[in-house]
Amino acid sequence: MKPKYLTEEAINAFITTALNEDIGDGDHSTLSAVPEDAIESAQMIFKDNGVIAGIEISKRIFLHLDPTMEIETFVEEGDLLNKGDIVMKIKGNARAILMGERLALNCAQRMSGIATHTQRVVSLIKDSSTKILDTRKTTPNFRLMEKWAVFIGGGQNHRFGLYDMVMLKDNHIDYAGSIAKAVSETKAYLKAKNKDLKIEVETRNLDEVRQAIEAEVDVIMLDNMDVPTMKEAVGIINGKSDTEASGGVTEEKVAEIASTGVDFISLGALTHSSLSKDISLKAVK
């Protein structure tokens, strides 16, 4: 099942905007050198080791440019590939292949890097019940693809944007005056607007954890706490709210953090620090 944010409208809008950015008033290299009615073939090759992601969006890009494009895929999203594996073969209008090549590869390369990173982190805590989350630390206008890649890699998506969940962070709390006041005002706002959104509160110490419990929120974030403090916080919360560990999380620490019993661990690094995989599209003659 795909995440809710992967709507037809969102995917089509992304493809249209991205192609407009790249093509502008025309791909003059292709328009000048390649006949309008030429039909050619190409294959996408994985030139690295890792998890493949971005197959579906690549197909959608080529079909957007040539609805009659013939596409044969040899692997599935989330598969672990080796250098030299063929991802897909395409046959269709040569101009469409060339115009879509860079966008399809940009998506697949970036998404595969994120999916590979995510799968590696998830595997580190496979024996625990803790789940790995992404964050909003994404590339502007590319969040759709980056969160999709986390999902393909076995992670879970946190809120997609500011609109689908309430997260009261340190600045919100400082501006509001206290956790109690921030949560009280939020609950009144949601009731007035007839919105059913979960409320998460960021806490920086055990005193704030107790305040968040008293305020009866859905999720309590344990921000930048050391492991002993985090473990104590989980014990104090005792299932009254879900718990999320955040801030300063690294691959080296993730297993130890999971051992505290937190429900979720969020890592901004999944989307802002993953290295893209090497993938190419080569003409087949």
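## Asp218 and its surroundings

Setting aside residues up to four places away in sequence, Asp218 touches Leu197, Lys198, Ile199, Ser241 and Asp242, where contact means heavy atoms within 4.5 Å. The model is a predicted one, in which local features need pLDDT of at least 70 and side-chain atom pairs count only at pLDDT 80 or more, while totals for chains, interfaces and linings use all residues. Residues are numbered from 1 along each chain as its sequence is written, and side-chain values use heavy atoms, with hydrogens and water left out.

Asp218 is found in the loop between helix H8 (206–215) and strand S9 (219–223). Helices (H or I, at least four residues) and strands (E, at least two) are DSSP runs, numbered from the N terminus. Asp218 counts as partly exposed, at 36% relative accessibility; on this scale buried means under 20% relative accessible area, exposed over 50%, and partly exposed in between (1.4 Å probe, protein chains only). A polar atom of the Asp218 side chain lies 2.8 Å from the backbone nitrogen of Ile199. From C-alpha to C-alpha, Asp218 and Phe142 are 29 Å apart in space and 76 residues apart in sequence.

## Strands S9 and S10

Strand S9 pairs with S10 in the parallel sense over 5 bridges; two strands pair if DSSP finds at least two bridges between them. Within this pairing, Ile220 stands opposite Thr243 in S10. S10 is mostly covered, as 4 of its 5 residues are buried.

Ser246 has its place in strand S10 (residues 242–246). Ser246 is buried, with a relative accessible area of 15%. Apart from its neighbours within four places in sequence, Ser246 is in contact with Met221, Leu222, Asp223, Asn224 and Ser266. The side chains of Ser246 and Ser266 are joined by a polar contact of 3.2 Å. A polar contact is a pair of N or O atoms within 3.5 Å; within protein, one must be able to donate a hydrogen and the other to accept it, and residues adjacent in sequence count only if both atoms are side-chain atoms.

## Strand S1 and its two partners

Strand S1 (residues 39–46) and strand S5 (residues 85–93) run antiparallel and are joined by 8 bridges. Here Gln43 stands opposite Lys89 in S5. S1 also pairs with strand S12 (residues 279–284), in the antiparallel sense, over 6 bridges. In that pairing, Ser41 stands opposite Val284 in S12.

Lys91 has its place in strand S5 and counts as partly exposed, at 40% relative accessibility. Not counting residues up to four places away in sequence, Lys91 touches Ile39, Glu40, Ser41, Met69 and Glu70. Lys91 and Ala42 are 49 residues apart in sequence, and their C-alpha to C-alpha separation is 6.6 Å.

## The largest pocket

Rolling a probe the size of a water molecule over the atoms shows where empty space is left. On a 1 Å grid over the protein atoms alone, a cavity is a set of points where a 1.4 Å probe fits but cannot get out, whereas a pocket is an open set with protein on both sides within 12 Å along at least five of seven lines; lining residues have an atom within 4 Å of a point. The largest pocket has a volume of about 430 Å³, a volume being the space filled by probe spheres set on the grid points, which are joined across faces, edges and corners.

Fifteen residues line the largest pocket, and of these Phe14, Ala18, Glu21, Asn141 and Phe142 lie nearest its centre. The elements that give two or more residues to this lining are helix H1 (8–23), helix H4 (94–124) and helix H5 (143–152). H1 gives the most, with 7 residues. By class, the lining has 9 nonpolar, 3 polar and 3 charged residues; Ala, Val, Leu, Ile, Met, Phe, Trp, Tyr, Cys and Pro count as nonpolar, Asp, Glu, Lys and Arg as charged, and the others, Gly among them, as polar.

Helix H1 is also the place of Asn20. Asn20 counts as exposed, at 52% relative accessibility.

## The protein as a whole

The protein has 11 helices and 12 strands. Its C-alpha trace spans about 70 × 40 × 25 Å along the principal axes. Of its 285 residues, 49% count as buried. Among contacts with a separation of 6 or more, 70% are accounted for by residues 24 or more positions apart.
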